[in-house]
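I am opening my notebook to look through one protein model, step by step, and to write down what I find together with the terms I need.

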Amino acid sequence: MDLTANMGNGLELVAGGFNAIRWGGDLAVDGSLENWTGNDPDSWDVTENRTGEITREASIVTTGNYSAKLNTPSGGGNTVKIKQDISGVIGKTYRLSLDVRCNAVSRVLDIHSFVSTDPVGTLVESYTFAAKDTWYSLDYEFEWGANDTAIVIATSSSGIFYVDNIRLETESDTLLLTASM
Ligand SMILES: [Ca+2]
């Protein structure tokens, strides 16, 4: 009996689910990117290099009313980065999930658990878009390390990117498989 199903994108669905990690306690503040002052999200630090720029997006969203639009025109050095400092617990397992989209294929977003000027941390991902104008839900599990300091999402190529629904959840400390009386 086949207890697993390959979802075709590298994810594997395991039947039963008794060993599934339970997640809770979202650490990301305003991960839905709902609160802005002008074109800056209130709870995220923004870096706009050269002609890269971030703006509040009201039409192309997955949660709430807004997302972040990271516009990175072609040309050297044009990038946009958003960052939120996080105090994680070293050795604890976390799951970073987010929704991303781009207006062109083969464009790249970097997703890190540290700031580029810090020593390299645990989560070092470059996500390449296979289709344009399509939302993708990304999901990364990792153990918080000594060099992990933040959630960082940065454009690594030209393109118009959208980011929404960022969540950093912790593995639940409580045993949830208790029998009810
Ligand atoms: Ca949102």
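The entries below go from the whole model to single residues.

**Entry 1: what kind of model this is**

I note before anything else that this is a predicted model, in which local features need a pLDDT of at least 70 and side-chain atom pairs count only at pLDDT 80 or more, while totals for chains, interfaces and linings use all residues. Residues are numbered from 1 along each chain as its sequence is written.

I looked up the confidence next, where pLDDT is the predictor's confidence in each residue, from 0 to 100. The mean pLDDT of the protein is 89, and 84% of its residues reach 70 or more. Over residues 1-11, however, the pLDDT is below 50, and beyond near neighbours in sequence this stretch has eleven contacts in the model; a contact here means that the C-beta atoms of two residues, placed from the backbone, lie within 7 Å.

**Entry 2: the overall make-up**

How many helices and strands does the protein have? I found zero helices and 15 strands, where helices (H or I, at least four residues) and strands (E, at least two) are DSSP runs, numbered from the N terminus. Among the contacts with a separation of 6 or more, 72% are between residues 24 or more positions apart.

I also looked up burial, for which a residue is called buried if 20 or more other C-beta atoms lie within 10 Å of its own, exposed if 12 or fewer, and partly exposed in between, with C-beta atoms placed from the backbone. By this rule, buried residues make up 27% of the 181 residues in the protein.

**Entry 3: an open sheet**

I followed five strands that form an open sheet in the order E6-E9-E14-E11-E12, with antiparallel pairing; two strands pair if DSSP finds at least two bridges between them. The edge strands are E6 (45-49) and E12 (124-128), each of which pairs on one side only. Neighbouring strands of this sheet are turned by 15 degrees against each other on average, direction ignored, with axes taken as lines fitted to C-alpha atoms (for helices over the stretch in contact) and angles running from 0 to 180 degrees between N-to-C directions.

**Entry 4: strand E15 and its partners**

Eight bridges join E10 to E15 in an antiparallel run, and here Val100 stands opposite Val163. Five bridges join E8 to E15, again antiparallel, with Asn71 opposite Ile160. Two bridges join strand E3 (residues 23-24) to E15, also antiparallel, and Gly24 stands opposite Thr170.

Leaving out residues up to four places away in sequence, Glu171 touches Ile21, Trp23, Lys92 and Thr93. Glu171 and Tyr94 are 77 residues apart in sequence, yet 6.2 Å apart in space, C-alpha to C-alpha.

**Entry 5: the nonpolar core**

I looked up the largest nonpolar core, which has 29 residues, and of these Ala68, Ile153, Phe161 and Val163 touch the most other members; such a core is a set of buried Ala, Val, Leu, Ile, Met, Phe, Trp, Tyr and Cys residues joined through C-beta atoms within 7 Å. Not counting residues up to four places away in sequence, Phe161 touches Leu70, Thr72, Val100, Arg101, Cys102, Leu109 and Thr155.

Leu33 lies in the loop between E3 and strand E4 (36-37), and its phi is near 55 degrees, a positive value in a residue other than glycine. Leu33 is buried, because 27 other C-beta atoms lie within 10 Å.

Ser106 lies in the loop between E10 and E11 and has a positive phi of about 65 degrees, although it is not a glycine. Ser106 is exposed, with 11 other C-beta atoms within 10 Å.

Ala131 lies in the loop between E12 and strand E13 (136-143), and counts as exposed with 11 C-beta neighbours inside 10 Å. The C-alpha atoms of Ala131 and Arg101, 30 residues apart along the chain, are separated by 8.8 Å.
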